[in-house]
Amino acid sequence: MEYTYFTFPTTYYALKAEKVVLEQKGEGHAKMVPVPRKISSSCGTALRCCSNEKDIIEELLNTHQVSIEGIYRLEEEKINLKNLLRIRKG
Amino acid sequence: MPPDKNYNLYFDNAATSWPKPEPVYTAAEKYLRSTGGSPGRSSHSRALRADRLVYEARERVSSFLGAENPGQIVFTLNATDALNMAIKGLLQQGDHVILTTMEHNSVLRPLGSLKRKGIINTTVVPASTDGYPDLDYLQNSLTSTTRLVICSHASNVLGTIMPVKSMAEIAHRHNCLLLVDAAQSAGCLHFNVKELGVDLLAFTGHKGLLGPPGSGGLYVREGIKVDPWREGGTGSQSEKDEHPSEMPERLEAGTMNVPGIAGLNEGIKFLQSEGMEQIRAHELSLATRLLDGLNKIPGITIYGPSRPEDRLANVSFNLKNFDAGELAFALEENFGIQSRTGLHCAPLAHKSAGTFPHGTIRLSPGYFHREEEVDYVLECLEQTARHLVN
């Protein structure tokens, strides 16, 4: 499983992101998780989704005016953060 | 004694509403007993549950007030806290501020302190004995340095509903911001910040919104930058010694009153399910009954607008030749009725009404009162007036 992490400038936007995905996509598409420590983020909570849904979720968040700080892809196992790759700067 | 021991004789709802809808109690208790967790501080499940609770409350307040975006709602301790935040976060050296005599000490004192420090200067717009500010005086007081006009939405002393929309138009014609103190009106009147044209609006949770004391907030129109007067932990951007600039965190520091916010959320949910038209109609019928009854008691002078529709349900009056405090004491000692006397933290409003420095006695029914409870208070007052005058 490959994951994508969305980070946010404030907790308010992290919560808004969770709600938008839940309302538009239903349960099971994204999860609120602590920001992996290799990522620098303003808000300590990130939204994690499967990388194959990254584009659709990013579009959803943009449509609903959720301010995204950064988007990161975790290429290996969840535990191993070595290959964390920043793919967008907010 | 009242015909029924379950009569609610608490008539001080303009200070703090009581009782609250049942879910207000249970939501505050549920957070304390089961949820726990600091919103914004961690990503574990309890913190996230607290986060979601605050988020839901923010969205609810935003839609209730008609704000453009929930991020423009900041949670505060009460209206006083929100007014201090707006006043001290907006005003700068040399700014001129216009207020009215109907303002509460929560406006008069922060402005007084900035004035004594030589930071601002102020003009106080006089009001009629019924509490209406002189709009021509307001118009003529605006100068090139006027930054802010402050007015209450409704008077806590006289109940007068203020011409906020007209004041907003006057302020905006001169590129000034309008800060409205909605401490008394929120939850009693149906309104929308966009329709009223306000730039900032302070409200409290513990009055008409039926929430717990210690909850409240400030609406800041998008694009207005209020500097934080309280800075500290937000759970975000923690590596910096600079407070985050994004709303709402910009103005929120320190762990929030989550049980208070949970209760406030339920208070507003109750108002939404009853409908604000229904809330206003019932409170107006109680006020009408109270005004009609008081008018029939010899020796009583009522203050504020005579038409019930021009006011909220709080009614201030005096009994000829008697101290308001003495009357209030007699009402509680003999009949168990709780009222509020004195200056109600609004000394200039009493000057406008002609009741300074002695003040008035104020009865403020709430949504949960029934007509027979108002009738009982009127009977007791009639009896007391007869006894005291003879």
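User: Which residue stands opposite B:Ala202 in E7(B)?

Analyst: In this predicted model, the residue opposite B:Ala202 is B:Leu218. The two strands concerned, E6 (residues 200–204) and E7 (residues 216–220) of chain B, run antiparallel to each other.

User: How do you know that strand E6 and strand E7 of chain B pair?

Analyst: Pairing requires at least two bridges between the strands, and E6 and E7 of chain B are joined over 5 bridges; they therefore count as paired.

User: What makes strand E1 and strand E3 of chain B edge strands?

Analyst: The open sheet has the order E1-E7-E6-E5-E4-E2-E3 in chain B, with mixed pairing, and E1 (73–76) and E3 (121–125) each pair on one side only. From one strand to the next, the twist averages 20°. Helix H2 (residues 45–65) of chain B lies across E1, E6 and E7 of that chain, at about 115° to E1(B).

User: Why is the link between A:Glu18 and B:Arg52 called a salt bridge?

Analyst: The cut-off is 4 Å between a side-chain nitrogen of Lys or Arg and a carboxyl oxygen of Asp or Glu; the closest N and O atoms of A:Glu18 and B:Arg52 are 2.5 Å apart, so the pair qualifies. Between chain B and chain A the count is 2 salt bridges.

User: What area is buried between chain B and chain A?

Analyst: About 1400 Å² is buried between them, 53% of it from carbon and sulfur atoms. In chain B, the residues losing the most area to chain A are B:Ser43, B:Tyr55 and B:Glu249, which together give 36% of what that side buries.

Definitions and conventions
Residues numbered from 1 in each chain as written. Chains lettered and ligands numbered in written order. Predicted model: local features only at pLDDT ≥ 70, side-chain atom pairs only at ≥ 80, totals over all residues. Heavy atoms only, no water. Buried area = accessible area lost by both parts, 1.4 Å probe. Helix = DSSP H or I, 4+ residues; strand = E, 2+ residues; numbered from the N terminus. Axes fitted to C-alpha atoms, helices over the stretch in contact; angles between N-to-C directions. Contact = heavy atoms within 4.5 Å.
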